[in-house]
Amino acid sequence: MCRFIYIFTIFNIFFLFFPLWGDRGGLRAETEEDKFQYLFLEGVSQQQKGNAAEAFDLFDQCRRLKPDNADVHYKMSMLLFNLKRLDEARKEMELASQLAPKNDYYLEMVAEFCIQEKEYDKAIAAYERIYENDHERGDVLERLIQLGGQTENYDKMIWALEKLEVLEGKSERLSMMKYRIYLEQKKDKEALDELQSLANKYFNDLDYKVLLGDYYLQHDRTDEAYATYKDVLAQEPDNVSAQTSMYRYYLAKEQLDSSYVAMEQLLSNTSVQNEGKLQLIGWAIGENKRQNKDSTEIINLFKTVLSKPQDNAYLTLVYGHYLESISMDKDSITPVFEQALALEPDNIDAAVKLISYAWDEKDFDRVIALSRPARQYHPEELAFYYYEGIANMQKEDRKASIDIFQRGISTINEDSSPAIVADFYAILGDLYYQEGMKREAYCAYDSCLQWQEDNIGCLNNYAYYLSIEGKELDKAEQMSYKTIKKEKENATYLDTYAWILFKTERYTEAKIYIDKALEFMDSTAVNTEIYTHAGDIYYYNNDREKAIEYWSQALKLTPDDKILQKKIRKYRKKK
């Protein structure tokens, strides 16, 4: 009896917890739906957390449970896309769009996949399906116009434009697009109708009338073109579009004198921006070359235009650069840049050109006169300090040069070029040393090397001056060695290194490097120091005859050198 009660209790518990055990079909259907919903929501959750692998597995299970669920295929597509598995992603998205044909978002995604693969016809088909779903989608029509342009499907573009006109109403933009497409299709009548419609509707905008004239000109209806341009210019004499088209008309009719006058009018038109004037000049120069004419006509064109008051220096500068391009002499070019600088005293281009010309002529007074106002207008431009400072050095006015370079250094900021700043400090170091300001010189050299540790000129001079004073010769040798590693055939650097070795009593090594310096030195330059050093080094290498020979060569270059005279007399007597 007890055993029967025990078994009965177990069966009651089983039915309590599994009431559908007898209806297997019903149990399976409810469990699969619940399972799908659970897996899908969990997949979304994992995706939001950034757990792509977990989300992928969960959506994959959903896909097996319900292969005809569009949302699952969309989710799989996005995950595959992020994994760069683009072919699989596209297939999933296409399946999603097929399962949910009214879902425009899925269709747009399919279209974008097609565009990435340059399958524009398929993209067009997808966007057409979207438009079928919703005729209010102007953005879809715009996309169809773009894709029609990619495939040169002009009929599709016109179809989409006409639909847009129904949706948005006729507009200048849409009409101009249709006009250009008709031109591409060589549908002249339709293009002309569209253009005339624009010109009539927007009669106050004369540019459409000019465009109508351009159409006539392109289709050899020159009389109508001329009449149209004249009509526009009668209403608005400075209309740039009409003046430009009239210039082209004269060229087409080979009325060259008239085209020349038209170009003058355009270049004198204050409504034409600088970029437009440059383009016009390019046309004039191109036409001049096409006709195999010399540059005189272009020069006369510039002179005529520039004889009139100018609002700015732009055209004058263009003229100056044109003269340079045809290799005119500097005496002809200089007044042009002077005129530009007079129009715009702060014009960097004009100032730099004039300074460079003065520099070439070694007219250092003019370099200083031009550089001073230029650096005042542009205190951040180190080039002007450089020109003025070096010009003062050439005039042997070291104090003025020091002052200018100090002023330049005071303007240095984080945007300054390290190489230029380093050169400023290097030059300043040389000037300080020549003025006997040795402590300031070494500080300037240190500053130079902080800005540019491989500044060769600084390394050489710094090392040489240390060697002269017999200071920090190890440091001097290291700096000098860097210079000969970089420029193995520079006689000056080789001489410095040889002299430092000499000062450290390494006479054999010094002889090797002074021989290289002698080999590579410029025979036309004044090489007094190299010959003097060679004499000293050879003397300490027990070759007095060669030493006297080198000292004698040095004395020829500086015949008043008392020390050399004394050395030669002394060691000749000993010999």
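A residue is called buried when its relative accessible area is under 20%, exposed when that area is over 50%, and partly exposed in between. The model described here is a predicted one, and every value below was computed from it.

**Two lysines in loops**

With a relative accessible area of 67%, lysine 186 is over the 50% limit and therefore counts as exposed. Lysine 186 belongs to the loop that runs between α10 (172–184) and α11 (188–201), and its phi angle is near 60 degrees, a positive value in a residue other than glycine.

Glutamine 243 is part of helix α14 (residues 240–252), and at a relative accessible area of 6% it is buried. Setting aside residues up to four places away in sequence, glutamine 243 touches Leu233, Pro237, Asp238, Gln265, Leu266 and Asn269. Between glutamine 243 and lysine 201 there are 23 Å in space, C-alpha to C-alpha, and the two are 42 residues apart in sequence.

Tryptophan 451 has its place in helix α25 (residues 438–451) and is partly exposed, with a relative accessible area of 33%. When residues up to four places away in sequence are not counted, tryptophan 451 touches Ile412, Asn413, Ser416, Pro418, Val421, Ala422 and Tyr425. Tryptophan 451 and glutamate 477 are 26 residues apart in sequence, while their C-alpha atoms are 21 Å apart in space.

Threonine 528 lies in helix α30, where its relative accessibility of 14% counts as buried. Leaving aside neighbours within four places in sequence, threonine 528 is in contact with Ala554, Leu557 and Thr558.

**Two pairs of packed helices**

Two packed helices are described by the angle between their axes and the distance between the axes. The table gives these values for two pairs.

| Helix pair | Angle between axes | Distance between axes |
|---|---|---|
| α12 (residues 206–218) and α13 (residues 222–235) | about 160 degrees | 7 Å |
| α19 (residues 330–343) and α20 (residues 348–360) | about 145 degrees | 9 Å |

Helices α12 and α13 pack at an angle of about 160 degrees, and that makes α12 roughly antiparallel to α13. The crossing of α12 and α13 is left-handed. On the α12 side the residues that meet α13 are Leu206, Lys209, Val210, Gly213, Asp214, Tyr216 and Leu217, and their partners in α13 include Thr222, Ala225, Tyr229 and Val232.

The crossing of α19 and α20 is likewise left-handed. In α19 the residues at this meeting are Lys330, Ile333, Thr334, Phe337, Glu338, Ala340 and Leu341, whereas α20 brings Ala350, Ala351, Lys353, Leu354, Tyr357 and Asp360.

**Aromatic rings**

How many aromatic pairs are there when ring centres must lie within 6.5 Å? The count comes to 34 aromatic pairs. One of them is formed by tyrosine 433 and tyrosine 465, which are stacked, with 3.6 Å from centre to centre and 10 degrees between the planes. Tyrosine 433 lies in helix α24 (residues 418–434) and tyrosine 465 in helix α26 (residues 456–469), so this pair ties together parts that are 32 residues apart in sequence. Both tyrosine 433 and tyrosine 465 are buried.

Phenylalanine 502 and tyrosine 540 form an edge-to-face pair, with 5.3 Å from centre to centre and 75 degrees between the planes. This pair links distant parts of the chain, since phenylalanine 502 is in helix α28 (residues 491–503) and tyrosine 540 is in helix α30 (residues 528–540), 38 residues apart. Phenylalanine 502 is buried at a relative accessible area of 11%, whereas tyrosine 540 is partly exposed at 44% relative accessibility.

Ring pairs also link Trp359, Phe364, Tyr386, Tyr387, Phe405 and Phe424 into a cluster. Lysines lie over the faces of rings as well: lysine 66 is placed over the face of phenylalanine 36, at 4.7 Å from the ring centre, and lysine 156 over that of tryptophan 159, at 4.8 Å from the ring centre.

Methods: Residues are numbered from 1 along each chain as its sequence is written. This is a predicted model: local features need pLDDT of at least 70, side-chain atom pairs count only at pLDDT 80 or more; totals for chains, interfaces and linings use all residues. Side-chain values use heavy atoms; hydrogens and water are left out. Rings of Phe, Tyr and Trp (its six-membered ring) pair if their centres lie within 6.5 Å; planes under 30 degrees apart count as stacked, over 60 as edge-to-face and the rest as tilted. Helices (H or I, at least four residues) and strands (E, at least two) are DSSP runs, numbered from the N terminus. Buried means under 20% relative accessible area, exposed over 50%, partly exposed in between (1.4 Å probe, protein chains only). A charge sits over a ring if NZ of Lys or CZ of Arg is within 6 Å of the ring centre and within 35 degrees of the ring normal. Axes are lines fitted to C-alpha atoms, for helices over the stretch in contact, and angles run from 0 to 180 degrees between N-to-C directions. Angles under 35 degrees count as roughly parallel, over 145 as roughly antiparallel, 65 to 115 as roughly perpendicular and the rest as oblique. A crossing is left-handed if the near helix is turned anticlockwise from the far one by less than a right angle, and right-handed if clockwise. Contact means heavy atoms within 4.5 Å.
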